[in-house]
Amino acid sequence: MSADRRDPREEQVRRMLDGPHPVLPPDLAAQAVRRGGRRLRLRRAAHRTAGWLLALVLVAFLVWVGVEQPWAAEPAQVTPPLEGW
């Protein structure tokens, strides 16, 4: 593409990139490290908590299955024997 037929949006982006850049705080990297560490600790704590909850639910389910035995058929209802016929 020739230089006189550039996209106006491209020219606007080039002007923005060539312009003065904002001044960044000197402790920006340290702040990012602190925030990232905090986020990582929270994520790990959430995963650990979710794992413990899943384990507790599994144990509760296994106890329920052991006590109730839902796969066992209910005892047949037998009528009392007929006497006096």
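Okay, a definition to start: a residue is buried under 20% relative accessible area, exposed over 50%, and partly exposed in between, using a 1.4 Å probe and protein chains only. By that rule Gly-84 is exposed, with a relative accessible area of 82%.

Quick background. This is a predicted model, where local features need pLDDT of at least 70, side-chain atom pairs count only at pLDDT 80 or more, and totals for chains, interfaces and linings use all residues. Residues are numbered from 1 along each chain as its sequence is written, and side-chain values use heavy atoms, with hydrogens and water left out.

Back to Gly-84. You'll find Gly-84 in the segment after α2. Between Gly-84 and Glu-10 there are 105 Å in space, C-alpha to C-alpha, and they sit 74 residues apart in sequence.

Now, helix α2 itself. Helices here are DSSP runs of H or I with at least four residues, numbered from the N terminus. Helix α2 covers residues 28–68, and Leu-58 lies in it. Leu-58 is partly exposed, at 49% relative accessible area.

Rings of Phe, Tyr and Trp (its six-membered ring) pair if their centres lie within 6.5 Å; planes under 30 degrees apart are stacked, over 60 edge-to-face, and the rest tilted. Here the rings of Phe-61 and Trp-64 have centres 6.0 Å apart and planes at 35 degrees, so the pair is tilted. Phe-61 and Trp-64 are separated by about one helical turn, because they are three residues apart in helix α2. Phe-61 is partly exposed at 46%, and Trp-64 is partly exposed at 43%.

Note on methods: Helices (H or I, at least four residues) and strands (E, at least two) are DSSP runs, numbered from the N terminus.
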